[in-house]
Every structure is written in structure tokens, then in C-alpha cells.
Amino acid sequence: GTPQKYDPTFKGPIYDRGCTDIVCCVLLVVAILGYVVVGVVAWTHGDPRKVIYPTDSRGQFCGQQGTPNEPRIPRGAVVGVSPNRAVLVSPRCPRPPQICVSKCPDRYMTYLSAYGNTASLEYYRDFCAPEFKNSRKSPTEVLKDRECPAMLIPSTPLARRCLPAIQAKKGVIMVGNETTYDDGHGRRRNVTELLEGAKKANVVLETRQLAMKIFEDYTVSWYWIIIGLVIAMVASLIFIVLLRFLAGIMVWVMIVMVILVLGYGIFHCYMEYAKLKGEAGSDVSLTDLGFQTDLRVYLHLRQTWLAFLIILCVLELVIVLLLIFLRKRILIAIALIKEASRAVGHVMSALLFPLCTFFLLCLCIAYWASTAVFLSTSNEAVYKVFNESACPFSGQTCKPETFNTSNVTKLCRDAQCLFAFYGGETAYHKYLIVLQFFNVFMFFWLANFVIALGQVTLAGAFASYYWAFKKPDDMPAFPLFSAFGRALRYHTGSLAFGSLVLAIVQVIRVTLEYLDHRLKAAENKFAKFLLSCLKCCFWCLEKFIKFLNRNAYIMIAIYGTNFCTSARNAFFLLMRNIIRVAVLDKVTDFLFFLGKLLIVGSVGILAFFFFTHRIKLVQDTAPPLNYYWVPILTVIVGSYLIAHGFFSVYGMCVDTLFLCFLEDLERNDGSAEKPYFMSQNLRKLLKKTNKGQPDA
């Protein structure tokens, strides 16, 4: 590309600009209107209760008022069962009928044994279909009409379903203290036949128990977690303020502190590893142990602490080597960070702007999630004709309300109209998968647009600082709000263009991940290899587009050009200064990463000592927990997000100043006619001076 030439009229972000990429702006507005229509249609047809509440074989919700499934006994009769009725699943039927019940059965019983016994039949009636009233029917007719299950098995409630209460005593699998059961047809079966079907349910049960324990930990530690996040926010804010006045000292202190924190982590892991030597069970490998819901088990293994030790040692070594080889570039990076600190000091409102971006992103996530749930639950109950003998209507759609009066029952006396699945045959139901895909695509597009709006706003504010020859006198009164107004008024189309390109790549990556998940069981090695290559290529492409978009938005904020022109100019400018880009810009990113690592590490260590009762002053204050890693991980993740929010402002400031700095070197030569706009510190470091001009 051609280097920028001197322009005496150029004084920073251009105010006399026009709208750019209008077609993309119109396309975004149309897409948003379509997205709203999709949401309204989904909310009209969807029913989130289908995700939560079970249904019987007719597709009716259990416990729904005004239906036969409304409880017939006082609610809450069984511990662990919702006030709504649970679903009793008959495990031996090829297509098991689901019946809503008030409580799960607690004994073995068959309909044949209950028939003729008034007390037993009254108990059995609770597990029959609501319309079952004619107890004078023969057992054969009742079972044929599927009004009652053939047998009852002692069950426990799980996720509003009744599943066999399988337990192991001294290595023997039992259900209700029995090893065999009557299948209702006069045959004795072993309870191990129920084991395979209940394995997945046991996994769900363990996961549910884990989730409940985690929830309990949150209920007793939430205020301490909030205190930890507040500490992280205060620490980040203090760090940013200190960078404003002591950038050089703070950077070196940060580097030393990160090395010390990692060093302490290495020491602690080694001490734990050495302490477990010789203890029973500590030498079991992670592969032999497998997945355990109680994660504290892993902390009693030497291999766990050895893995932590190796990871921290590698990280410490990499950081030390980078510091040794980049020590000269770090000085220039520190000067750039000092300049960024001054810019942030003159635009302090920029530190609060990420809250606006965060709020808009939360709106995007909430709308996407709610629309996805309503779309996935907007299917209707589909009823099919089921029968045991030959019938021309078998498998056809039917309506339970009119089925008994239709010709089907006359031609096929054993036919039944039963709930088959949730679906639909309308045009809306046929294109549900397309609407789900559109929902995902719009989420990526809008989320990227919100991020782009934040980036171009910050870039415009910080560019106003750099191109002010007399800082801060030549800066506009409200640089952040001015940049935000320009971005929305003139460049909504350009932001939509850049975010659209990125959204397309991200949707392709999601599709590839979905295909990879579906092909895991396949044995086609070539397909797996090709898919892995595509995933790698599109990951690299996404990173490149993010980098290009970020710099294109800076050019848009300064010059007001369209997206393609801005991207091309930014790319060529960076290519003409590839050495500075590859070293200087990435060194500042590395230093900011160390800053985030320092804040997260410090708060994480404090949380670890607090929640493990190792701080004697507040030993009795820390709450008792099932898993102390739950609040610790929450504090660590939250601290990183908070630190990232503060440092993202600095990161955008550095990138903007760096691009302006490269433009300044090309436009000006330091003479009286073409003075540099860069600060005195940057000029001294680069040995550049304004000839015949006093330093600004």
C-alpha cells in the first residue's frame, strides 16, 4: 500500500463525514425485524412447560388443572415429588404407556394379584389411567386397553419420573429388597434386567445430586462470592488508577508479582505432592479413577498435584523466557502503556463504557435463549393409531377427541389413538430447524455488532486524544459521547458489515463442531481428518477476521470510510510496519495478560485460603461447604471477567494509539511544517523530535 501523505487540514477524527455501507444497515434492520417476528411466533406457539413437566401417553401435562391428570389425593404426598403428578413408566413394554400418578409405587404388585382384592385394587387404581373406573373388566381387557400397568415395581422419584429403586447390598443387585419380580404375565424375572435401563438414570441421579450440592454451596456462600468479586473490582480499579500515575513501576511490579504468584503455586503443589507420598490410595492414576462427581477425590491423588506442578512450571518458564528476549521491546511497550494511561485519564468515562456493552450483550443472550426454548417447545402433540393386529390405519395421525366415533374403531377393534411424539405437519413445524438456525445466526450477528459498537466508540474517543496537538486543550468536550453518536449515526452499516462477516464464520464453526459431535462414533478416519483440518482453518480465519475488524473499526472511527476501505487501509498500514506490529503490539497484550493473571491469581489465592479455613482470623466465619472449589472457581472466573472488562478499555486504547502512532510517523517528519502529534516520551524513546517546535 501507499504510505499516508502529509495533510495540513487533518486534526484527528473527521467530523464532516457521511453514512457508510447503507445496504448493510438496511439489511441489519430487516434482519432484526425478522428476528422479532420469529420471536413473537415462537412465543405464541411455544410452551416451556414441556421442558420441565412430564406428560402422559396422551401428551397431557401431569398435574394440569382442569384435566383428568389433576391429583386425586392431597398434593406433596411423597418427598421429592413435585406437587404436580409424576410419571410412572412401565419398563417392560415395547412402547411404554406413561401414566400420571400422585406418588411412586413402594411395593411389588401385579394387576392379576390385585384383581379381586378390594384393598389392593384400590391401591393399584392410583397407578392406572384417570378414566379407569370399571373394575369389573377382566384383567385381560384392562391390560389390552392399557388402562393399568401389568406390574408395579418399588420406585423412587427422579426428575418427576418414577424409576426402579435399584440398590446394591453386599454386591447383590436388588430392587425393594428383592432379586426377582413378577412381570405381570406369570413369569419371574431377575432385577438385573432393569439395571441396563436404569444406568443412564443413575448417571442423571448422580448429576442431580451434584447439582443440588453445588446449589447448597451457593446458598451459603453467595455473599462471600460477591465480596470476592467486589475485591477483584476494587483491585482492578486501583491497578488502573496506579497505571495512570506509575505505569512504568506498576508494569515491573506486575511482572515480578506474577512470577512470585506462580512460584508460590509451584511450591504449594510440590508440598501437597510430597505430603501424599505413601498414603493409601494416593498413587491411583486419573485414568483408573475415571469421572467422579465428588471432585475432592482428585485432590487426594499425587498425579493431580503433579499435573498442576508441571503446568505451572511450564507457564513460569515461558513467561521468564519471554521477558528475557523481549526486555528491550518491553520498554517501548511501557511507554505506550503510559500514553494509554494518560488517554484514559482524560477520558475516564471510558472505564464505565464496558458496562453498556455488557448490558446489551446480556439482552442478546436473553433474547436468543428464550427464543430457542420457545422454538424447541413449539411442537404439538401428535397422536398415532397403534394396534396389534393388521390395520390399514396403523401409524396414521388421529385425534383422541373423535377417535372413538371414527371408522377406525369399527374396522380395527383393537386400535388405539395414543400420543406418539411432539411435532407437527404445518409449514411452521416443517421449518423449525431453519428458524433455530436463524436464531443462532442472529445471536452471533447482534453480539458481534454490540462488541463492534463498543470498539469503534472507544477508538474514536482515544483517537481524539492522540490527534490533539495540545493535550487536552484541543480535545472535544465529550469525546466518548461524540464518538458513540458518530458511530450510530454514520457507521451502523459498516459495523453491521464487519459483524456479519464474523458471524458467518462463527456459524460455520458451530456447524463443524456439530458435525464433529455426530461423527464421533464413525470409523471414517479420512472424514475425521478433513473435519479437523476445516475446524483448524476456520478457527484461524476467525482470529484473523477479529484482528482485521478491530483495526478496521479504528480507521472507521478516525476517517469515517466504509468497512472495506478501512480494513484495507488498516491492513496495509500494519503490513508496512509488520515488525512493530508483531513485537510491540503483542508485547503490550502480553503485559495486560500478566496484569489480569496477577489480579485473578491474587484473588483466587485469597479465596482458596478463606474457603478452606486456612486463615485463622476468619476461620470460624467461612461457611461449611460440600465442595470448596465451587465458590473458589466462581470467584476466579468472575474476577477474570471483571479484570478483562477494565483491561479491554486499555487494550483498545493501546491499539488505537498504536495505529495513530504509525500514521503519525508516515504523515509527519518532525519539522516545523510537519510536527509529530505523539507525546514527548514516545518521541524520546524513538529518538524522534519536532524540529524547531516545542514539545506538546
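Mentor: Let's begin with what counts as a helix: helices (H or I, at least four residues) and strands (E, at least two) are DSSP runs, numbered from the N terminus. This is a predicted model, so local features need pLDDT of at least 70 and side-chain atom pairs count only at pLDDT 80 or more, while totals for chains, interfaces and linings use all residues. Residues are numbered from 1 along each chain as its sequence is written, and side-chain values use heavy atoms, with hydrogens and water left out.

Now to the pocket. A pocket is an open set of points on a 1 Å grid over the protein atoms alone, where a 1.4 Å probe fits and protein lies on both sides within 12 Å along at least five of seven lines; lining residues have an atom within 4 Å of a point. Grid points are joined across faces, edges and corners, and the volume is the space filled by probe spheres set on the points. The largest pocket comes to about 1800 Å³. It is lined by 43 residues, and Q455, R550, H644, G645 and S648 are the closest to its centre. Five helices, α10, α14, α17 (525-559), α19 (578-611) and α20 (629-667), each supply at least two lining residues. The top contributor is α20, with twelve residues.

Two of those helices lead us to α1. Here, buried means under 20% relative accessible area, exposed over 50% and partly exposed in between (1.4 Å probe, protein chains only), and contact means heavy atoms within 4.5 Å. The buried residues of α1 are C24, L28, A31, Y35, V38, G39 and A42. They pack against α10 (353-376) and α14 (432-466), and also against α13 (427-430) and α16 (492-518).

The expected span is 1.5 Å times one less than the number of residues. With 24 residues (22-45), α1 should therefore span 34 Å, and its end C-alpha atoms, 35 Å apart, agree with that. In the segment before α1, D21 has a phi near 50 degrees, a positive value in a residue other than glycine. D21 is also buried, because its relative accessible area is 19%.

Rings of Phe, Tyr and Trp (its six-membered ring) pair if their centres lie within 6.5 Å; planes under 30 degrees apart are stacked, over 60 edge-to-face and the rest tilted. Y35 forms one aromatic cluster with W43, Y367, F374 and F438. The whole structure holds 28 aromatic pairs.

For contrast, look at another packing site. L309 is in helix α8 (residues 302-325) and is buried, with a relative accessible area of 13%. L309 touches I266, C269 and Y270, leaving aside residues up to four places away in sequence. L309 and G265 are 44 residues apart in sequence, with 7.8 Å between their C-alpha atoms. H268, in helix α6 (residues 192-275), touches W305, F608 and R614, again without residues up to four places away.

Finally, the whole protein: it has 21 helices and twelve strands, and 43% of its 696 residues count as buried.
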